[in-house]
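Please work through the following exercises with the structure open beside the text, and try each task before reading its solution.

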Amino acid sequence: MKRILSGVQPSGNPHLGNYFGAMKHHIEMQDQYESYIFIADYHALTTVRDPEKMKTSTLHLVLDYLALGLDPEKTVFFRQSDVYEHTQLMWILDCITPHGFLERAHAWKDALAKGKKEPTAGLFGYPVLMAADILLYSPDLVPVGKDQKQHVEIARDIAGKFNNTFEEVFKLPEPYIPESSALIKGTDGQKMSKSYGNVIEIFADEKKLRKQIMSIQTNSTALEDPKDPSTCNVFYLYSMFANKQEIDDLRNKYKTGGYGYGSAKKLLLEKIIEFFKPYRKKRIELANNLDYIDKVLKDGARKAREKSEKMMEKVRKAVGYVNNFA
Ligand code: ADP
Ligand code: TRP
């Protein structure tokens, strides 16, 4: 059975872009692959400076994944900071990674271009930690959004560099970008992203969800006139949830005229509420059972460490460390 591994940063409430672009695929893939999914809380330290926020965002992301169907019996699900080998391997990889690999990284270049105040060594070295995350588990595929493709390629280059310098220890990973995850558009028609404030959140309460949906930008075609579904953000989002018949019905209403965007938005709101209803219920149950969540994370960390410790032993041997931990 082929193996996949992916990580997600705990950085705010998940939105439809995160769901259709990443989480849904991670959850679906657990049935066909040996799966490793982790919460990248070390990576989050490049931006989060509030310990309470670190704790709650991590817990919330765990709840979100489990509520949406991630099954800890099928997926090794863990917190990055529970597995010491991630940062240990990072240092060793740091020492063989040419500076140039990291200077070329888009995320780093963007941070500099946007004039980020005090860009840190952690942000510069972000792809090396990501390489460590990946290489510890020898996955065949790393399912990520388009924006992370370059980071997986850097991990591949770092693995090659290590193998050439010492011995063949690491398997070269492949990024896997599902076609349907390419880009989910937000309420303004741009890429949906927390940083653009154009999101529709999966687990927002009804009032917030209504506000987010009502803010979807539409053109100024009058209520009585026919409308073009192919350029409408409301229609686009509705199509992601509705079945073929429902999509055809809405298309006809647009084309006939006499149907306003306000009505289409109401329809979309109902659809999204209905779609996530069972997940929402499950999330409430999980949030009331934190002992279970604790157990899931402990089991996940234990299973992850079985793999990561073995890999670290090989790495230590390859570079010439002969520590005896027994
Ligand atoms: P954000 O841009 O909101 O900060 P993240 O960078 O935390 O989102 O992304 C988490 C995951 O969700 C990544 O795998 C990313 O590729 C995916 N993702 C985020 N936004 C979208 C989108 N609009 N369309 C498709 N995938 C997305
Ligand atoms: N950098 C990824 C993101 O922001 C998260 C991540 C960290 C990751 N380590 C990883 C993804 C390893 C895949 C594999 O989305």
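The model used throughout is a predicted one.

**Exercise 1.** Decide whether Y19 is buried or exposed, and describe how its ring is placed against that of F275.

Solution. Y19 has a relative accessibility of 4%, so it counts as buried, whereas F275, at 27%, counts as partly exposed. The two rings lie 6.3 Å apart, centre to centre, with 75 degrees between their planes; because planes over 60 degrees apart count as edge-to-face, the pair is given that name. Since Y19 lies in helix 1 (residues 16-29) and F275 in helix 13 (residues 261-287), the pair ties together parts that are 256 residues apart in sequence.

**Exercise 2.** Classify the pair formed by the rings of F276 and Y279, and name the cluster members.

Solution. The ring centres are 6.0 Å apart and the planes stand at 55 degrees, so the pair is tilted. F276 and Y279 are three residues apart in helix 13, which means that about one helical turn separates them. F276, at 0% relative accessibility, counts as buried, while Y279, at 23%, counts as partly exposed. One aromatic cluster is formed by Y19, F20, F241, F275, F276 and Y279.

**Exercise 3.** Determine how helix 3 is oriented relative to helix 14.

Solution. The axes of helix 3 (residues 51-67) and helix 14 (residues 290-319) come within 11 Å and cross at roughly 90 degrees, so helix 3 is roughly perpendicular to helix 14. Helix 3 contributes L59, V62, L63 and L66 to the contact, and helix 14 contributes L290, I293, V296 and L297. These contact residues divide into eight nonpolar, no polar and no charged.

Methods:
Residues numbered from 1 in each chain as written. Chains lettered and ligands numbered in written order. Predicted model: local features only at pLDDT ≥ 70, side-chain atom pairs only at ≥ 80, totals over all residues. Heavy atoms only, no water. Axes fitted to C-alpha atoms, helices over the stretch in contact; angles between N-to-C directions. Helix = DSSP H or I, 4+ residues; strand = E, 2+ residues; numbered from the N terminus. Parallel < 35°, antiparallel > 145°, perpendicular 65-115°, else oblique. Contact = heavy atoms within 4.5 Å. Nonpolar A, V, L, I, M, F, W, Y, C, P; charged D, E, K, R; others polar. Phe/Tyr/Trp six-rings, centres within 6.5 Å; stacked < 30°, edge-to-face > 60°. Buried < 20%, exposed > 50% of the residue type's maximum accessible area, 1.4 Å probe, protein only.
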